[in-house]
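Here is a brief report on a single protein chain. Look at the overall fold before the surface detail.

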Amino acid sequence: MFAVYATVAVVAALANFAAARVDFVRKQWVLDNMTSYGVPHSWIVPLGVAKAVGAAGLLVGLAVPLVGVAAAAYLVLYFLGAVATVLRARVCADVVYPGVFLLLAVAALTLGLAVA
């Protein structure tokens, strides 16, 4: 069971590190999306930091299981907020993007609780 958890945690961490990197380099398509969702551009770096911290926590969780559970729970809350933001902006076609990250976080949380 730990191998499955480790795989999911690493995939989720890599995905979140990649998403954070896109935020840090301020890709134009991300800025455009933020505008359409009503999110100020000044939030892009803090949101990237939030993703990177969650990703790092998932990796630390491989050695300290409770940190991984906390990081996964944090990412679940983060991406629930992201899904809600997209839905509030009525850009329903875009909900798949935070939705995939949410599913990864839920999987990491569920598996993390099982192995902790």
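**Fold and dimensions**

The model is predicted. The chain holds 5 helices and 0 strands. From the N terminus on, its elements read α-α-α-α-α. The chain has a radius of gyration of 14 Å; a compact globule of 116 residues would come near 13 Å, so the two agree. The C-alpha trace spans about 40 × 25 × 15 Å along its principal axes.

Among contacts with a separation of 6 or more, 65% link residues 24 or more positions apart.

**Burial and surface**

| Property of the chain | Value |
|---|---|
| Residues that count as buried | 38% of 116 residues |

**The nonpolar patch**

Which residues make the nonpolar surface patch of about 480 Å²? They are Phe24, Val25, Val45, Val49, Val53 and Tyr74. Helix α3, residues 44-60, gives the largest share of the patch, with 3 residues.

Val45 is one of the patch residues, and Val45 lies in helix α3. Is Val45 buried, partly exposed or exposed? Its relative accessible area is 37%, so Val45 counts as partly exposed. Patch residues need over 30% relative accessible area. Val45, at 37%, therefore clears that cut-off.

Terms used: Residues numbered from 1 in each chain as written. Predicted model: local features only at pLDDT ≥ 70, side-chain atom pairs only at ≥ 80, totals over all residues. Heavy atoms only, no water. Patch = residues over 30% accessible without salt bridge, like charges linked within 9 Å, V, L, I, M, F, W, Y side chains within 5 Å. Areas by Shrake-Rupley, 256 points an atom, 1.4 Å probe, with all protein chains shown as cover. Salt bridge = Lys/Arg side-chain N within 4 Å of Asp/Glu carboxyl O. Helix = DSSP H or I, 4+ residues; strand = E, 2+ residues; numbered from the N terminus. Buried < 20%, exposed > 50% of the residue type's maximum accessible area, 1.4 Å probe, protein only. Rg over C-alpha atoms; globule rule 2.2 N^0.38 Å. Contact = heavy atoms within 4.5 Å.
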